[in-house]
Amino acid sequence: MKIKNITKLSVLSLLGLLSISVISSTCSNETLADIYVRNAHVNKTNKIKNVIMFIGDGMGPNHVDAGEIYLGRDFVFSNPNDSKWSFHGYQNTDSLTSVGYTLDTSKSLLRPELNPTLYDDADSPYTNGGNASGNFMSDTCYTDSAAGGTALATGYKTTNSTLGLNKHGQKLQNLVEIAHSLNKMTGVVTTDSLDGATPSSFLVHVEERHLSSEIVDQMMVSDANLIIGEKPSVWSDTTTSNYTLNGWDVATSLSETNPESNKEVIVLPGLVANSHISPSLSDLTIYAIDKLDNEEGFFLMVEGASIDKASHSNQTRTMMQELLDFENAIMTATKWAEAREDTLMIVTADHETGGLYFNRDVADQTNILDEINWLTYNHSRTRVGVDVYGDISEFVNTYQEQLTKQGILDEGMPTQSPYYWDNTDVFRLAASYL
Ligand SMILES: [Zn+2]
């Protein structure tokens with residue numbers, strides 16, 4: 001499993017936390033895109049033109065390890081012996097709402113029994129008597145999916161609940177818009193409602209994640225060529241006719257789609273409840289790839305949304321089903337990508353949900369579902385994985401001079417390396433290969 005793969009971490013340590021100084025010195029979205037897209041002198045010598053970002057909503061490193069124990073094999077994206085999945089690291093998910101809360105890096109979800117102060121909420125068995133330091137799970141210090149998604153989609157941290165805007169309310173250009181400006185096809189696929197925070201982060205600029213009507217309105221004028229997810233509750237017949245008037249093809253099942261359409265929205269009733277049954281995320285992903293694949297390349301975001309939902313309710317078995325569905329979609333995409341040399345894939349999460357942990361000395365394939373414990377019904381500040389398919393050495397080399405030392409990592413994580421990524425670095429990686 002990836003935490004044991006120390007050699008890959010030397011690459012991680014080179015990359016580290018990238019170029020906050022560059023970001024803070026930019027004053028417009030155009031400048032941001034200029035820095036990271038092609039002008040970054042990345043991708044001049046290789047063939048990458050497609051970028052697929054997989055986001056396992058709420059998928060922390062313990063989720064991944066538990067899934068691997070359940071299957072009795074490495075996940076396709078975290079297999080240290082697969083050289084095409086060339087990079088395995090971790091990123092800090094904090095949003096601007098986390099600012100002011102100290103992240104105690106000596107504490108880790110991986111061995112919570114060693115860290116009785118890990119959870120600082122009064123109702124927790126891990127309480128330390130009301131300490132509000134906000135280490136991993138205090139109610140107010142972790143990111144939500146809106147700020148987490150915005151960081152991955154735009155390269156800027158923002159405050160919780162905010163979609164595609166900075167803390168001053170200014171628009172942040174997202175990966176869909178950047179890819180579209182490069183004449184690439186773009187798509188967003190989610191097992192959540194279309195107005196969910198993660199897909200919305202890649203499509204709209206709205207100050208509050210619960211403003212569903214405004215979110216859907218903005219999606220109707222977004223640059224995406226394909227949007228797939230559950231039909232939002234605010235979606236009406238008027239919405240459908242407005243979309244159609246704006247040039248969109250609207251489908252309500254995978255069997256009535258128009259593969260020739262380059263402006264298609266697929267709203268699937270019941271997707272959230274049945275997301276691991278049919279259609280699977282794998283089905284949706286391969287449909288999207290087939291549609292978006294073209295000469296100029298494409299950007300696609302695929303979200304496994306219900307890992308988060310099941311983790312919020314601490315439903316171990318449902319979480320595992322959703323996690324395996326997510327991994328299966330990545331396996332399908334990997335098989336597609338292996339037949340070519342033009343595709344970069346990134347697997348990460350917006351945050352961890354549930355404070356999932358288990359005793360590694362006891363857990364095995366036969367008992368893992370019973371061994372899984374949860375520390376919270378909320379998110380945590382635990383770092384999440386970043387796994388990359390494709391050669392990103394140019395990216396690493398280009399930004400090597402911008403490394404920033406960040407401090408030690410969690411116990412059980414790569415403590416040999418004093419460096420780790422920020423969530424905004426994931427955007428920079430994706431943008432650099434568009
Ligand atoms: Zn989330």
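Over which residues does pLDDT stay under 50, with 42 contacts beyond four places in sequence in the model? The stretch is residues 119-135. Here pLDDT is the predictor's confidence in each residue, from 0 to 100, and two residues are in contact if their C-beta atoms, placed from the backbone, lie within 7 Å.

## The model and its confidence

This is a predicted model, in which local features need pLDDT of at least 70 and side-chain atom pairs count only at pLDDT 80 or more, while totals for chains, interfaces and linings use all residues. Residues are numbered from 1 along each chain as its sequence is written.

The protein chain has a mean pLDDT of 80, and 73% of its residues reach 70 or more. Over residues 1-31 the pLDDT is below 50, and this stretch has 63 contacts in the model beyond near neighbours in sequence.

## Overall make-up

The protein chain contains 15 helices and twelve strands. Helices (H or I, at least four residues) and strands (E, at least two) are DSSP runs, numbered from the N terminus.

Of the 434 residues in the protein chain, 55% are buried. A residue is buried if 20 or more other C-beta atoms lie within 10 Å of its own, exposed if 12 or fewer, and partly exposed in between, with C-beta atoms placed from the backbone. Among contacts with a separation of 6 or more, 73% link residues 24 or more positions apart.

## The sheet

Ten strands form an open sheet with mixed pairing, in the order β5-β6-β4-β3-β7-β1-β8-β11-β2-β12. Its edge strands are β5 (249-251) and β12 (421-422), each of which pairs on one side only. Two strands pair if DSSP finds at least two bridges between them.

## Helix α4

Helix α4 (residues 61-71) is mostly covered, with nine of its eleven residues buried. Among the buried ones are Pro61, His63, Val64 and Ile69. After α4 comes Gly72, which has a positive phi near 75°.

## Two packed helices

Two packed helices are described by the angle between their axes and the distance between the axes. For helix α5 (residues 145-154) and helix α15 (residues 423-432), the angle is about 30° and the axes are 6 Å apart. Axes are lines fitted to C-alpha atoms, for helices over the stretch in contact, and angles run from 0 to 180 degrees between N-to-C directions.

In this contact, Gly148, Ala151, Leu152, Ala153 and Thr154 of α5 meet Asn423, Thr424, Val426 and Phe427 of α15. The residues divide into five nonpolar, four polar and no charged. Ala, Val, Leu, Ile, Met, Phe, Trp, Tyr, Cys and Pro count as nonpolar, Asp, Glu, Lys and Arg as charged, and the others, Gly among them, as polar.

## Nonpolar cores

A nonpolar core is a set of buried Ala, Val, Leu, Ile, Met, Phe, Trp, Tyr and Cys residues joined through C-beta atoms within 7 Å. The largest has 90 residues, and Leu175, Leu300, Ile346 and Ala430 have the most contacts inside it. Helix α12 gives the most to this core, with eight residues. Apart from it lies another core of eight residues, including Ile69, Leu356, Tyr357 and Phe358.

Leu175 touches Ala153, Phe202, Phe299, Phe427, Ala430 and Ala431, not counting residues up to four places away in sequence.

## Two loop residues with positive phi

Most residues other than glycine have a negative phi. Asn183 is not a glycine, yet has a positive phi of about 65°. Asn183 is in the loop between α6 (175-181) and β3 (185-193), and counts as exposed because it has 10 C-beta neighbours inside 10 Å.

Asn314 also has a positive phi, near 55°. This residue is in the loop between α11 and α12. Asn314 has 18 C-beta neighbours inside 10 Å, and therefore counts as partly exposed.
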